Amino acid sequence: SGLDPAQPYFQGTPTEVRLDKSDADFVDIIHTDSAPTIPNLGFGITPAIGHIDFYPNGGKQMPGCGKNPISQIVDLDGIWEGTRDFVACNHLRSYKYYSDSIIYPNGFLGYPCASYDLFQSGKCFPCPQEGCPNMGHYADKFKEKITKDFLKLYLNTGEARDFPLWRYKVTVTLSGKSKVKGYVNVALYGTDGNTKQYQITKGTLKPDNTYTAYIDAEVNVGKVTKVKFLWNNNWINPTFPKLGASTITVQSGQN
């Protein structure tokens, strides 16, 4: 397992001097700091070099690493580790994701996709027929399912521990008499837990229109038992407009 293998002096070099898929029966890579070293100070290698390569959050800038130095140092484990993590926060996220992955065997699903932008827009959802590998400790469960030469996988993580997020596609069809301005929030309830509210859409809300969003939830809810629907327009409207949901569809990426 390559935890953000180094970029300076290694990227673009022959396979003999850097980590490469020929080094073992199964090589999995987590890229967390793959922006160019100059001028972005990225420490990690950019190209896919393993049997499967994970690019959490796109592989360049990790959530939680953009905080100001003081809050970040206090957040983390004391002044020494906090200062070190501030300097190389993206780079060091790789081992933190890996250690979290040991505790969450079903977390960190990596979606095969051509780019992070396509993943963000929902083009690579749900998982293909053979499923999605889990980034980190349990990536080798996918070893026998690899069919491509290089497999690039994308996912999002949280800003702080616990890092894994579970991706859902939520589709809402509105019902009502007239269009209004506002936003729609949805929370998921399931056999294994509940999520906070996630915004599905905002702006002009039209009855009979369908709105879709991809949410990265902080819990794996298991079997969905209930969906909470809330809309608001943030101001008092004397006509008291009413808006409901005629249907809400929830799809989990895994299955």
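This is a predicted model: local features need pLDDT of at least 70, side-chain atom pairs count only at pLDDT 80 or more; totals for chains, interfaces and linings use all residues.
Let me begin with residues 166-255, whose end C-alpha atoms lie 12 Å apart, and which are 0% helix and 66% strand, where helices (H or I, at least four residues) and strands (E, at least two) are DSSP runs numbered from the N terminus. UniProt lists these residues as "domain: PLAT" in an unreviewed entry; UniProt positions are given in the numbering used here, feature names are shortened, and annotations may be inferred rather than shown by experiment.

Residues are numbered from 1 along each chain as its sequence is written, and side-chain values use heavy atoms, with hydrogens and water left out.

The domain assignment, with bounds that come from an automatic or database assignment, gives domain 1 (1-164) and domain 2 (166-252). Their centres, taken over C-alpha atoms, are separated by 31 Å, and the contact (heavy atoms within 4.5 Å) takes 12 residues from domain 1 and 11 residues from domain 2.

How much area is buried between domain 1 and domain 2? The value is about 860 Å², of which carbon and sulfur atoms give 57%; buried area is the accessible area (1.4 Å probe) that two parts lose on being put together, summed over both. Of the area that domain 1 buries against domain 2, Asn 106, Phe 125 and Pro 164 supply 50%, more than any other three residues.

Between the two domains there are zero salt bridges, a salt bridge being a side-chain nitrogen of Lys or Arg within 4 Å of a carboxyl oxygen of Asp or Glu.

Pro 126 sits in the loop between helix H5 (116-120) and strand S5 (151-155). A cis peptide bond also joins Arg 161 and Asp 162, with omega about 0°, and Asp 162 lies in the loop between S5 and strand S6 (166-176). For background, most peptide bonds are trans, and most residues other than glycine have a negative phi.
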